[in-house]
Amino acid sequence: MADNQKEYYLGVDLGGTKILTGVFDTKFDLKGTSKLSTKAGRGVDAVIERIARGVKEAVDECDLSLSQVRGVGIGAPGAVDTETGKVIFAPNLPGWKDVPLKKELEKLLDVPVFLGNDCNVCTLGVFDQEFKAKPKHLVGIFIGTGIGGGLVVNGDLYCGHNLTAGEIGHMVIEVNGPKCGCGNRGCLEALASRTAIFRKIESAVKDGQETLLTDMLGKDLKDMRSGDLRKAIRRGDKFVAKVIEEAAEFAGIGVANLINILNPEIVVVGGGVIEALQDEMMPTLVKTAKDHVMSGTMSGIEIKASKLGDNAGITGAAVLARRGTA
Ligand SMILES: [Zn+2]
């Protein structure tokens, strides 16, 4: 096949701190990537230009031209209108309200652009590439700074009446529990996200709790990362092990609720926290889910950690582009 006949899909993972872009061929082999900082503080237009720059850099890195790109998919962190291609609101991107991202990028790139919520897009990537679109129904949960998710029903993303479905992180798990960023109390995100886990550790240390983490990182626990928690647990830190165990239990209760409501074939769990603490969290998460589902509803259902890792976002965004241009 001559080079000019080749077709490629681009996936962009737009985050509050970085913009990752991946170039995929039609077999969905990753051909190249680019990574730029978002510079969200410079405002909406500057970020849109940086997304376009990331796309051009990734294409150039692969010795391709934009004319060989069939479509660009973007996962954006917040509420999006997938039909109009607008970012309605993005809490981690200051000033982003009703931003016509699809229209602006199509102007800059002259390539069709498709937009989705970041966790919905990650779920689509896991469904389509990790599970080869085989399960009919799948739920994705991504545990990182926050907790997000996505629902695949009958092979398609389920978006709901106002296109906001899949806000798994804001399922209330503990009435009167800790305050969540959304304003409610006791959401899964306020109990089991990296932010919640770190807050719990920091407040206990302030109250005099002893942990290997302070030997490793200093009293103020500055620059703590999920990987540090794994190291502390493997060195025998019972306090950190308990905090992680509790977070895994909360996540397991969330999974049980989802299984009761949706009865999916597969629940896939991903995100930075799970990537760093998979062995420490997954057994408890799975056991708790099984203990809390309605009797008899769990048969044949698998709860698994995702293997796509950091690439779930760019992969899913490229799948969005392929589906949009098909
Ligand atoms: Zn919430």
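Author: The largest nonpolar core has 91 residues, and those with the most contacts inside it are Leu10, Val12 and Val267. Such a core is a set of buried Ala, Val, Leu, Ile, Met, Phe, Trp, Tyr and Cys residues joined through C-beta atoms within 7 Å, where buried means that 20 or more other C-beta atoms lie within 10 Å of the residue's own, with C-beta atoms placed from the backbone. Helix H8 (residues 238-262) gives the most to this core, with 12 residues; helices here are DSSP runs of H or I with at least four residues, numbered from the N terminus. Because domain 1 (3-124 + 312-325) and domain 2 (135-306) both contribute residues, the core lies between them, the domain bounds coming from an automatic or database domain assignment.

This is a predicted model, in which local features need pLDDT of at least 70 and side-chain atom pairs count only at pLDDT 80 or more, whereas totals for chains, interfaces and linings use all residues. Residues are numbered from 1 along each chain as its sequence is written.

Leaving aside neighbours within four places in sequence, Val267 is in contact (C-beta atoms, placed from the backbone, within 7 Å) with Val139, Ile141, Val255, Leu258, Ile259 and Ile303.

The C-alpha atoms fill a box of roughly 60 × 50 × 35 Å, taken along the principal axes.

Methods:
A residue is buried if 20 or more other C-beta atoms lie within 10 Å of its own, exposed if 12 or fewer, and partly exposed in between; C-beta atoms are placed from the backbone. Helices (H or I, at least four residues) and strands (E, at least two) are DSSP runs, numbered from the N terminus. Two residues are in contact if their C-beta atoms, placed from the backbone, lie within 7 Å.
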